Amino acid sequence: ALSLPPSPLPPSSLPRPPPTPLERLTRASKIGNAYSMSRLLTENTFTTDQLNNALCLSAAQGSVACMELLINRGAHDTDTAAIFATKSDRYPALRLLTKVGLSAAATKDAITVAASHGYADCEFLLHVHLHRPPPPVVD
């Protein structure tokens, strides 16, 4: 049997490959770096699922600027993002998501999350959103 000679460097000393665009998008979402995200979204193509995942991470971080970039690029899973924002008590992020649109079911789920964590501001916002009359239909 053939065996390779041992590496002269321990595994931790080996150079790491540069991060992929998706890894960089994930990092920008986690830290709320809208500048990096804007560049990444301009220079790369991401799937809708990747954009939605980044939206949820940005919502948990509370980065409204990143969320706006992602929504403008095609992220649309505001229902899941609302749960992430609520679990992290990110009122401004949740306010953006209510403006963009949440389903009644997701709003009720987020109310339950807010109430169980004692996030009164988020809970109140969600109750107002849930009971807001629909906009008038224009012919």
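Analyst: Begin with burial: a residue is buried under 20% relative accessible area, exposed over 50% and partly exposed in between, with a 1.4 Å probe and protein chains only. Here 31% of the 139 residues of the protein chain count as buried. This is a predicted model, in which local features need pLDDT of at least 70 and side-chain atom pairs count only at pLDDT 80 or more, while totals for chains, interfaces and linings use all residues. Residues are numbered from 1 along each chain as its sequence is written, and side-chain values use heavy atoms, with hydrogens and water left out.

User: How many helices and strands does the protein chain have?

Analyst: Both are DSSP runs numbered from the N terminus: helices are H or I with at least four residues, and strands are E with at least two. The protein chain has eight helices and zero strands.

User: What share of the contacts in the protein chain with a separation of 6 or more joins residues 24 or more positions apart?

Analyst: A contact means heavy atoms within 4.5 Å. Residues 24 or more positions apart make up 61% of those contacts.

User: Which residues touch the most other members of the largest nonpolar core?

Analyst: A nonpolar core is a set of buried Ala, Val, Leu, Ile, Met, Phe, Trp, Tyr and Cys residues joined through side-chain atoms within 4.5 Å. The largest one has 31 residues, and L25, L70 and L97 touch the most other members. Two or more residues come from each of helix 1 (21-31), helix 2 (34-43), helix 3, helix 4 (64-73), helix 5, helix 6, helix 7 and helix 8. Helix 3 gives the most, with five residues.

User: What does L25 touch?

Analyst: Not counting residues up to four places away in sequence, L25 touches M37, L40, L41, F46, Q50, A54 and L70. M37 belongs to helix 2 and is buried, at 0% relative accessible area. Leaving aside neighbours within four places in sequence, the contacts of M37 include L25, S58 and L70.

User: Which helices do the buried residues of helix 5 pack against?

Analyst: In helix 5 (residues 78-87), the buried residues are T78, A81, A82, I83, A85 and T86. They pack against helix 3 (48-61), helix 6 (91-100), helix 7 (104-117) and helix 8 (120-131). After helix 5 comes D89, with a positive phi near 55°.

User: What does the side chain of N52 reach?

Analyst: A polar contact is a pair of N or O atoms within 3.5 Å; within protein, one must be able to donate a hydrogen and the other to accept it, and residues adjacent in sequence count only if both atoms are side-chain atoms. The side chain of N52 reaches the backbone nitrogen of D77 at 3.0 Å. N52 lies in helix 3 and is buried, with a relative accessible area of 8%.

User: Which side chains meet in a salt bridge?

Analyst: Side chains of opposite charge can pair when their charged atoms come close. A salt bridge is a side-chain nitrogen of Lys or Arg within 4 Å of a carboxyl oxygen of Asp or Glu. By this rule there is one salt bridge, between the side chains of R39 and E43 (3.5 Å, N to O). R39 and E43 are four residues apart in helix 2, so about one helical turn separates them. R39 is partly exposed, at 43% relative accessibility.
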